[in-house]
2 protein chains.
Amino acid sequence: MKNQAITQVIKSWEGQNQAIDVIFGKFDENHYLNEVAPGRNRGIYLLGHLTAISDLMLPIMGLGNQLYPAMEAQFVTNPDAADLPAPSIGVLKERWETINQTLAGHFALMEEADWLSRHTKVSEEDFLKDPSRNKLNVLIIRTGHINYHRGQLAFLIRRV
Amino acid sequence: MKNQAITQVIKSWEGQNQAIDVIFGKFDENHYLNEVAPGRNRGIYLLGHLTAISDLMLPIMGLGNQLYPAMEAQFVTNPDAADLPAPSIGVLKERWETINQTLAGHFALMEEADWLSRHTKVSEEDFLKDPSRNKLNVLIIRTGHINYHRGQLAFLIRRV
């Protein structure tokens, strides 16, 4: 039997991903070229950012290489800039979907011991000192990160 | 021994609370009377909102009554309005702290079986159909809710 608490954390991550799908399914692509608020990131940048951060979960959790490594410089290392060449919203939505399905496929096969094992950015020595620096923690933090930017993206779809 | 996954979910909630403390500790009180973006909620409203939602965790998790029931109408049922009489930022920060400490005190005594038991807003019948409608889920959802508004509050403290 799976660990119920871990199952719920995974479900919460899936729910956040779906909430992002809803936001980017509401208007035509041009709408997401707007900033979420004056002087803040554009919708398209935040979708790229969330996609790139989820892509980085693959190596951090020891599940493989990034699927779209070039996105890291574009949407993580560098801030938003309207003159940066970026994939279209349509392409970003496809990548977001592909990465989430890839991760979900791995998650379905992971047992409790896998979730509680160390992620690849922490040394064995440091992990012994703090066993919470595990793969489950990566998922918890990343789920929170989606929620954080979803709060900002909400400004694109809600008048108040 | 405590369930490690549940311990990490609690730790993540505590981390979010601390991140809110950092935001509201950065400037003098007047700063938080500003809207996070033009036409959006003010900082003071969001602090009241987060405090009232955390206060509601007490009855939802069967841990007691709200400490500040009047805040529900002010910061949950009703939207932000500059002419609403609101407690000062200082008072709200004290209440936020009191509620979080009260919850943390309860959480420290809860065992895995308590976390996986149903919350008070779901019937026994519906809980049998979906056992994830438990107290742990309330904590996961509320932690995400803090993150969501923290993404908006970040606009009050970051120029970009």
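Chain B superposes on chain A by a rotation of 180° with 0.0 Å of shift along its axis, at an RMSD of 0.0 Å. That is the relation of a two-fold axis. In chain B, the C-alpha nearest the axis belongs to B:Tyr148, at 2.1 Å from it. The same surface serves both copies, as 100% of the contact residues of chain B recur in chain A. The model is predicted.

**The largest pocket**

- The largest pocket holds about 740 Å³ of space.
- Its lining counts 38 residues, and those closest to the centre are A:Ile140, A:Thr143, A:Gly144, B:Ile140 and B:Gly144.
- Both chains build this lining: helix H1 (4-24) and helix H7 (135-157) of chain A, and helix H1 (4-24) and helix H7 (135-157) of chain B, each supply at least two residues.
- What kinds of residues make up the lining of the largest pocket? They divide into nine nonpolar, 20 polar and nine charged.

**The largest nonpolar core**

- The largest nonpolar core has 82 residues.
- Which residues have the most contacts inside this core? They are A:Phe107, A:Trp115, A:Leu153, B:Phe107, B:Trp115 and B:Leu153.
- Take B:Phe107 as a case: setting aside residues up to four places away in sequence, B:Phe107 touches B:Lys2, B:Ile10, B:Trp13, B:Met57, B:Met61, B:Leu63, B:Trp115 and B:Leu139.
- One of these partners, B:Trp115, is also listed among the core residues with the most contacts.

**A:Tyr45, in a helix**

- A:Tyr45 sits in helix H2 (residues 43-60) of chain A.
- Is A:Tyr45 buried or exposed? A:Tyr45 counts as buried because its relative accessibility is 7%, and buried means under 20%.
- Beyond its neighbours within four places in sequence, A:Tyr45 is in contact with A:Gln74, A:Phe75, A:Val76, A:Asn78, A:Pro79 and A:Asp80.
- A:Ala70 lies 25 residues from A:Tyr45 along the chain, and their C-alpha atoms are separated by 14 Å.

**B:Arg142, in helix H7**

- B:Arg142 belongs to helix H7 of chain B, one of the helices that supply the pocket lining.
- Its contacts, leaving aside neighbours within four places in sequence, are B:Ile53, B:Met57 and B:Ile60.
- B:Met57 is also touched by B:Phe107.
- B:Arg142 and B:Pro131 are 11 residues apart in sequence, and 18 Å apart in space from C-alpha to C-alpha.

**Two loop residues of chain B**

- B:Ser132 is found in the loop between helix H6 (124-129) and H7.
- B:Ser132 has 8% relative accessibility, so B:Ser132 counts as buried.
- Which residues does B:Ser132 touch, not counting those up to four places away in sequence? They are A:Gln4, A:Gln8, A:Lys11 and B:Asn137, so named from both chains A and B.
- B:Glu111 is in the loop between helix H4 (89-109) and helix H5 (112-115).
- B:Glu111 counts as partly exposed because its relative accessibility is 49%, and exposed means over 50%.
- B:Glu111 and B:Asn3 are 108 residues apart along the chain, yet their C-alpha atoms are separated by 8.2 Å.

Note on methods: Residues numbered from 1 in each chain as written. Chains lettered and ligands numbered in written order. Predicted model: local features only at pLDDT ≥ 70, side-chain atom pairs only at ≥ 80, totals over all residues. Heavy atoms only, no water. 1 Å grid on protein atoms, 1.4 Å probe; cavity = no way out; pocket = protein on both sides within 12 Å on 5 of 7 lines; lining within 4 Å. Points joined across faces, edges and corners; volume = space filled by probe spheres on them. Helix = DSSP H or I, 4+ residues; strand = E, 2+ residues; numbered from the N terminus. Nonpolar A, V, L, I, M, F, W, Y, C, P; charged D, E, K, R; others polar. Least-squares fit on C-alpha atoms with pLDDT ≥ 70 in both. Contact = heavy atoms within 4.5 Å. Core = buried A, V, L, I, M, F, W, Y, C linked by side-chain atoms within 4.5 Å. Buried < 20%, exposed > 50% of the residue type's maximum accessible area, 1.4 Å probe, protein only.
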